[in-house]
Structures are given as C-alpha cells and as structure tokens.
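Here's a quick tour for anyone meeting this structure for the very first time. Have a look at the model, then read on.

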Amino acid sequence: MRWILVVFCIALLAACAGPKYTVDDGRKVNEELLGNIRNYGAGEKVLRPAIVRSAALKDSQCDTQWELPFSVASSYDLSADDRVAWVRALGVDERMTVIGAAPLSPLQIRDKIQAVDGYSKENAENMLLELADLRDRGKPFPVTLAGGKTVQVVPFKVCRGYTRLAPPNLPKTQDYHWLLSMHPLEVTRADMTDDEALWTVLWTQGVSEEGGARMKTYHYGTKIAGTLYNLFTIASGIKGAALAADAAIKAAQSAAANVASEVLKQQLIDQASSYATSKIRDEITSAAKTLTQAQVVGAMQQAAANRGSLSGVAWIAATVFDKADTWAYDRLEKLGGNPLAGFSLHQKLIERGLASNSMVFDQERMTSLGKVADGRGRGDEVVAILGGLKPEDLRFEVAEMPMASAPAGFSYDDLDGPGSVNQPYARGLIDSMLSMPVASTSN
C-alpha cells in the first residue's frame, strides 16, 4: 500500500511540474478581437480544404510551393487576456493547435501538436519554424499529438501563392506578393461556399502566376530568408504580422514624411477607405436587400480605390488582378466547380458593405470577366447573380479613380519610390517579412 502512495505522489509532482496552458477562466476579453478570431477560424475552416482541392490541378505550367492539409495557430507569448480570447474562440492555447483541416487530413481541428518529426519545444515559434522546414522538404514526416498518438503527414504541391488571412489583431491588413497574399479578414464574413473559397485560393495563385515576373523585377533588393515569413506561411501570423507591422511603423517614424505616410497607409487601417466602406454599409441595411445600381457602382468604386491605394510589390500585383480573375475562372472550371463563384463572392461582399478587399470587382475587372463568362454562354447566369444588373451597365466615371491597371507607359524605373533599399518596409508587409529575423530561445 505504501508503494502505491509513493507512486501517486511522484505522479502528482510530475503533473505539477509540467507546463500549464491557458484555460478560459471567464474573464472579460476584447470582444472585437474575439469576433475577429472567430471569423479567422471560420475562414481557415473553408480555405484549407480549398487549398487541398487546388492541388488536383497538377498544373505543369505553374511554379509550385509545398503545402500541408491543415493549418495551425498558437497564442504563445501573447498577453494573458488575448490568450483567453483565443481559447474561448477556437480552443487555441500556447501549443500549436489545428484551426483548419481538409476532410482527409491526419490532423483535425482542435488537435494539439506535441512534436514534429521528434522535435518538441515549449516555444511555439521554434515549433512553427520546424514545421515550416519539414513542409518545405516535401517528404512525409511524423507528428505526435498531445495525447501521444502519432500520425504521418504528407506535404503536397500547389501552384505558387500561399492564401493567407490577416491576423485577428490586424484584421484590415492586406498585401499581395508572388509568394503569398494576405487577404483582409472581412472576406471571411461573406460565409464563403466551397467554390467561393476555391475561387479565393485559385485567384491568389493566379496573381502569382500572372504577375510573378513583374513583382520579382521590382523586388530585386530583398533576400528571401525571413523567419517571420516562415512563421506566417504556417501559422495565422498572429505574432509574425504584428511584429512586421510594428517594425514598419518604427521605420516610418524615423523616415521622411512621404515614406511614413506610405508605410502607415498600407500597414495600418486606411481611414479614408474605412470611411467610404462605412458609407456603403450604412446604405445597405441587410444582405437580403436588393441593391440599387448606384449602390453597386459605389461599392465597385470603393474596390477600385482599394486596388489603387496599394503600393510597393502589391501595386505591381494589382496590375494583374483582372488576369488573375480569368486564371481562376479557367481552373475552377477544370476542377469541376462553378466558375461563376467569383461573381457570387463579389455580390455577397458588396451586399454586406465590404469592399476594401480584392475579392470585390471594380469596373475593369467586372467588364473583363463578364466577357469571359458571356463568351462561354453563361452571361445570363452572371446577370442573375448580380441581381438583374448587367456587367456592362455597371459603369462609372473613372477619370479621377485610382485604377491600378498598368498604364501604357508602364516602366519599372518609375517604381523606385518609397520602397527604396533604405526603406524596405514601404515595399509591403510581406516583403519586409522576407528578411526580418525574430529572436528565438532554446525553450
């Protein structure tokens, strides 16, 4: 009997000595952040299966990247209140926690990862970097879950252009790059269907394919070796994007006024854009309301302004948004999905007054993609999706609109503005993450 007591005491001491993870203690948390986290989780749930679905293209013509059938997040190193918010919203604590997974993924939502290929650290950042490295090797590797179960994970290839969402602490951030595009969190509020999520993924890949050469030319000064970039391609970017944006702000504070304004405009909330969007939202009382032509045009003007406000590498990406639309249309059709999903996602977003994102078409994109759909005998379906409005009827005065299309005299010599070698953050958040290290520990 005595030895049983000894064993019990040893087990109790071992339990007390083990790591303690955050639990929801019922405290008051930031409700806006809580909502953003939930929206983020909803987006990951539908985007991760779409990413896996896109791999079926096996397009020999596109450059490729390695992906995983699941996505993870961690609240490691966040404030106590924010950690509780993550637990309450998605069940995420300091450990790598699965927040998005394809149906056949060996890991499912809310699984906790204990080790990857035998590597285990309490420091989630180190774990994330190890996971990124294993993914990019492209070979199967074991993952051990918190309960001790070990599963085999097989990375797979997709067309280049990671589809990622802005982190909940920076929900309006957006950036477009040939390696990765960061969509503002508002796109998740459209309750995307499977095909609309696939459209978002394919469109992001299309930006990379159609604009990669242009973006690489502009990007010539940055070395691709960033720790934060690696963190963001695996995790939600809670930490990575926040650190990169913070560094951008600090750089702006010591830079010339015009550089500061460019950095702040792109990395923080664009107040003018938000105001314009709120005006549209005020006019639309519910998603069920039939939109007038003026309201639709207003939303498309806002989309044009949003596209035109991009700078740095993202500005170059914006010159091929219309080509990315066609790229996505063609490939969604090949995958057996509804190629009109881009139109339906556009419509759902403007019905909700959400136009500060790349999924809402401006006039140029609507006209271009409308012609593609009409040429394939689906013009009437497009009109039905748009509430009875024809793409050619959605015209507005563009003389003073900041359209992002490449002008006839497009020259890379004209692009060496705020994003000079001395001010790399002005090239965009993702671009800055490519060369920004983050301190690591041995924990």
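## The overall build

The chain has 16 helices and 10 strands; helices (H or I, at least four residues) and strands (E, at least two) are DSSP runs, numbered from the N terminus. This is a predicted model, where local features need pLDDT of at least 70, side-chain atom pairs count only at pLDDT 80 or more, and totals for chains, interfaces and linings use all residues. Residues are numbered from 1 along each chain as its sequence is written, and side-chain values use heavy atoms, with hydrogens and water left out.

Of the 443 residues, 55% count as buried, meaning under 20% relative accessible area, with exposed being over 50% and partly exposed in between (1.4 Å probe, protein chains only). Take the contacts (heavy atoms within 4.5 Å) between residues at least 6 apart in sequence: 75% of them join residues at least 24 apart.

The average pLDDT, the predictor's confidence in each residue from 0 to 100, is 80 for the chain, and 72% of the residues score at least 70. Residues 6-17 fall below 50, and that stretch has zero contacts in the model beyond near neighbours in sequence. Residues 397-421 are also below 50, but here the model has 43 contacts beyond near neighbours in sequence.

## Strands side by side

β1 pairs with β7 (residues 156-159) in the antiparallel sense over four bridges; to count as a pair, two strands need at least two bridges found by DSSP. Threonine 64 has cysteine 159 of β7 as its bridge partner.

Elsewhere, three strands make an open sheet with mixed pairing, in the order β8-β10-β9. β8 (162-165) and β9 (175-176) are the edge strands, each pairing on one side only. β8 and β10 (residues 180-183) run in the parallel sense, with four bridges, and leucine 165 sits opposite histidine 183 of β10.

Helix α4 (residues 124-137) and helix α6 (residues 227-234) have axes that come within 9 Å and cross at roughly 80°. That's why α4 counts as roughly perpendicular to α6, a label for angles of 65 to 115 degrees. On the α4 side, the contact includes Leu128, Leu129 and Arg135, and on the α6 side its residues include Asn230, Leu231 and Ile234.

Methods:
Axes fitted to C-alpha atoms, helices over the stretch in contact; angles between N-to-C directions. Parallel < 35°, antiparallel > 145°, perpendicular 65-115°, else oblique.
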